[in-house]
Amino acid sequence: MLCTSRLHWPAWQRPTSWSSWRHFLHHISARGRLLQELGPWVAPSHQVWQWFYEASQDVVYLCPSTDQWFSCSRLTSSRTTRQSQTLYSSPQPCGAPSSVGIFLPTTVNTMANQSICSLHSALELVSAEHSTIPDLWSPETIPPEFFDMPTNYQRLIGPHPPSAFQCSEVAVALREDTELLGCSDGSYVDTTGQCYHGWILASEVRQTITEGSGPGHGHPDLLSSYRAELSGLLALVYMVYRISSYHGIHSGTFRIHCDNKSALAKAVTTAPVGITPFFTSDYDLIALIQLHFGLLPISAVGKWVKGHYSGDKKKYKHDLNDRVDQLATTAYGLLPREFQTKGAIPPPPGYRIRLLSQNGIITSKYYTMLSTAHHDQPLVEYIVKKTKWSPATFCTVDWAAHDRAFRRLSRFQHIGISKMIHNLSNTHRQNRLLYGHSDLCPGCRVNEETFEHVLQCSHAPTALVCTEALLVLDQSLTATATNKKVSEVMLGGFRDWLDPNFKSDRRSSPSTFGSVCPHDMLITAAYTHQFHTLGWYNFCLGRISSKWHEAVRACLTPRTPFHHLQWGSLLISALWKFIKTLWQHRNGLVHGSDAVANAKRILTGL
Ligand SMILES: [Zn+2]
């Protein structure tokens with residue numbers, strides 16, 4: 001028997017008088033919530049544990065009764081593989097352990113020869129790393145409360161851990177004061193990809209007891225201020241857990257303040273059962289906070305505080321929030337190198353499964369990251385094959401802007417635009433290939449109708465729609481503050497390509513051609529790249545040359561803000577609008593421009 005219970009189940013009787021129970025519950029609870037909270041659980045657990053794990057010495061103890069102790073020491077394996085399990089020797093009689101270290105109840109799996117092959121409890125997440133990684137902190141700064149602190153937590157707490165005196169102040173505040181207060185805040189700098197948090201422990205009586213700042217870590221694509229907030233919360237909860245465990249504190253109140261409602265709510269409430277919590281953003285940190293929050297031997301609550309409060313009713317919690325905000329924002333540049341944000345970090349103790357991408361752990365956006373890893377390569381190969389580009393040419397397209405423009409579309413628009421840009425629209429060429437129908441253009445009735453022809457058709461009404469759509473495109477370029485010369489050159493080349501009467505022996509060349517002015521040279525380079533390397537057909541499909549934004553940026557007056565992704569994505573959206581206008585016009589020719597014309601067409605066709 002690994003663990004027995006003191007409960008005499010099923011000796012408990014079922015309640016007999018339901019109405020009395022209902023009456024009683026009505027008085028102590030409102031809508032299922034207690035009117036007065038129960039407070040900390042002080043009675044001993046009903047479970048009687050027999051197995052314990054001592055983390056600092058890595059020994060498993062068996063204790064069938066208080067005067068009988070057996071110890072199991074760890075067997076070292078010669079080679080560690082992914083499949084290898086941690087093995088412990090069979091139980092050997094020993095005296096009662098005198099250790100005051102982390103001593104946790106656990107359950108074990110035993111093998112046929114009575115040796116232990118695995119342990120089951122939260123201990124893996126709590127226990128120290130049994131490694132020889134040197135401390136990040138200098139030995140004289142480590143308080144006894146933080147002895148054997150895993151490197152992950154040292155990094156999280158930052159370069160300045162609380163001193164022994166400050167730790168004892170925290171313990172005294174918990175024992176004597178009304179409440180221990182904690183506050184944390186996070187900051188994320190988009191341009192540098194750095195993410196930091198600030199934390200503070202205080203009480204109304206003692207004011208600031210200890211404070212510090214540390215880095216948030218994670219995959220560079222997944223760092224955010226939310227992740228920084230969670231790192232700060234974890235640092236706080238873990239420190240209070242270690243201090244209260246060391247001092248044997250079992251009463252007291254700890255109130256954590258944070259200005260991020262969502263981070264706080266996720267961190268201090270127990271996650272629902274099932275797989276769903278594992279897919280929430282930054283679950284790795286949330287799980288650790290929840291674990292240590294649950295292990296706190298004191299009463300702990302999380303309370304939201306309004307950030308940057310400047311009203312008349314400013315309270316101490318607002319001061320704390322201002323201070324941690326300052327700590328988090330000033331951490332960048334102040335912290336030593338080993339305490340700066342890192343993309344790839346060793347996993348915390350207890351990690352069993354990790355999804356890795358570019359050597360970083362995926363902690364958020366699982367669906368996007370998996371979908372990208374799964375679909376991107378085949379899509380690239382498909383486009384390279386269709387366009388007959390080299391992989392190097394493929395990389396010269398501004399795909400980041402393309403991605404941004406595509407994300408802006410609704411789900412319904414995604415389908416329509418995807419069909420057009422991947423040449424899947426139902427043209428008459430397709431109808432001939434699939435059904436043997438005529439492939440002639442419904443407008444000019446001269447050429448085979450491909451999607452390219454839909455844009456270049458010489459049919460007078462189509463040419464008119466095309467001219468109008470080009471005007472709209474020009475207006476969109478003006479709206480995005482594009483330099484007039486750039487838009488003239490860009491639209492000039494595109495117009496020449498669209499013009500069915502443009503003689504093939506005539507050379508299309510930009511007005512900047514031959515100029516040695518640096519701006520003009522950049523414009524000519526972008527034009528040449530789009531024309532000769534990528535092609536104007538790909539241009540209107542949204543595959544614009546990355547060289548365009550260099551030209552636009554260069555032509556701006558100094559100190560004008562320019563976001564090339566934003567500019568590129570707006571141009572692509574305008575181009576998609578252009579091809580959509582012409583495709584809708586073509587559909588009007590085939591199916592009728594309105595419901596009446598459509599009905600008439602169907603009736604005549606019968
Ligand atoms: Zn035509």
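Predicted model: local features only at pLDDT ≥ 70, side-chain atom pairs only at ≥ 80, totals over all residues.

Visitor: Why is the pair of phenylalanine 406 and tryptophan 576 called edge-to-face?

Guide: The ring centres of phenylalanine 406 and tryptophan 576 are 6.2 Å apart, and pairing asks for centres within 6.5 Å. The planes stand at 85 degrees, and since angles over 60 degrees count as edge-to-face, the name follows. This is one of 17 aromatic pairs.

Visitor: Which parts does this pair tie together?

Guide: Phenylalanine 406 lies in helix α11 (residues 399-408) and tryptophan 576 in helix α20 (residues 564-591), so the contact joins parts 170 residues apart in sequence.

Visitor: How do you know whether tryptophan 576 is buried or exposed?

Guide: Its relative accessibility is 2%, and because buried means under 20%, tryptophan 576 counts as buried. Phenylalanine 406, at 21%, counts as partly exposed.

Visitor: What makes phenylalanine 494 and tryptophan 497 a stacked pair?

Guide: Their centres lie 6.1 Å apart with the planes at 10 degrees, and because planes under 30 degrees apart count as stacked, the pair receives that label. Both residues belong to helix α16 (residues 484-498), where they are three residues apart, about one turn of the helix.

Visitor: Why is tryptophan 497 called buried?

Guide: Tryptophan 497 has 18% relative accessibility, which falls under the 20% limit, so the term buried applies. Phenylalanine 494 is buried as well, with a relative accessible area of 0%.

Key:
Residues numbered from 1 in each chain as written. Heavy atoms only, no water. Phe/Tyr/Trp six-rings, centres within 6.5 Å; stacked < 30°, edge-to-face > 60°. Helix = DSSP H or I, 4+ residues; strand = E, 2+ residues; numbered from the N terminus. Buried < 20%, exposed > 50% of the residue type's maximum accessible area, 1.4 Å probe, protein only.
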